[in-house]
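User: I have a model open and would like to learn how to read its features. Could you take me through it step by step?

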Amino acid sequence: MTITSNPRKVDEVRKEVDRLNSETPTANQLMHGLTLVLNKEMLKYNWVGFYMLEPGADPPVLVLGHYQGAMTPHTRIPLNEGICGAAASGKTVVVDDVKSDPRYLACSLETKSEIVVPVFVRGKVAGELDIDSHFAAAFGDEDRELVEYCAQLVGKRLEKA
Ligand code: SME
């Protein structure tokens, strides 16, 4: 069973995210700020980070950007690997139990569930917002909406860059 986050808390965090979005001048600062807010305020979001597609790389590769949480060995992820690779197809991926997903690339032994949301720039995937939890099935509908909202803000900001 998914233990979804408290809707009131999600609302509060969304307001903080809106404030951050209006106060931060660059996409980079927005991404950094979002990792801080989500990791600090959402108690089950134990690792929060962005992977961005390396411009011009062939074959394409996701490169670790701003993140909060334990250091990860996965700083470059090809699109045929990991949950991150799967989400680069353009669909949010939620994994309730990472142990049972053969695609999963382990970042920390404590991770039990994960959500990866694509960041779109002008309709194309430009990167992803990846969140790991030490709790199984930590990402319910409320969480998915919040994380997709954050990814959209980054995409819009990158479109202006
Ligand atoms: N678990 C991810 C790799 C990134 S770490 O979680 C930070 C994956 O399976 O793609």
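Analyst: Happy to! Helices (H or I, at least four residues) and strands (E, at least two) are DSSP runs, numbered from the N terminus. This is a predicted model, where local features need pLDDT of at least 70 and side-chain atom pairs count only at pLDDT 80 or more, while totals for chains, interfaces and linings use all residues. Residues are numbered from 1 along each chain as its sequence is written, and side-chain values use heavy atoms, with hydrogens and water left out.

User: At what angle do H2 and H4 pack?

Analyst: Axes are lines fitted to C-alpha atoms, for helices over the stretch in contact, and angles run from 0 to 180 degrees between N-to-C directions. Here helix H2 (residues 27-41) packs on H4 at about 165 degrees, the axes being 9 Å apart. H2 is therefore roughly antiparallel to H4, a label for angles over 145 degrees.

User: Which residues of H2 and H4 meet?

Analyst: Contact means heavy atoms within 4.5 Å. From H2, Ala27, Leu30, Met31, Leu34 and Leu38 meet Leu146, Cys150, Leu153, Val154, Arg157 and Leu158 of H4.

User: In what order do the strands form the sheet?

Analyst: Strands of a sheet pair through backbone hydrogen bonds, either parallel or antiparallel. Two strands count as paired if DSSP finds at least two bridges between them. In this model 6 strands form an open sheet, ordered S3-S2-S1-S6-S5-S4, with antiparallel pairing. Strands S3 (76-78) and S4 (93-95) stand at the edges with a single partner strand each, so one side of each has no neighbour in the sheet. S4 is joined to S5 (residues 113-121) by 3 bridges; Val95 has Glu114 in S5 as its bridge partner. Helix H4 (residues 141-160) packs on this sheet, touching S1, S4, S5 and S6.

User: Is Ala137 buried or exposed?

Analyst: Buried means under 20% relative accessible area, exposed over 50%, and partly exposed in between (1.4 Å probe, protein chains only). Ala137 is buried at 8%, whereas Arg122 is exposed at 57%.

Definitions and conventions: Parallel < 35°, antiparallel > 145°, perpendicular 65-115°, else oblique.
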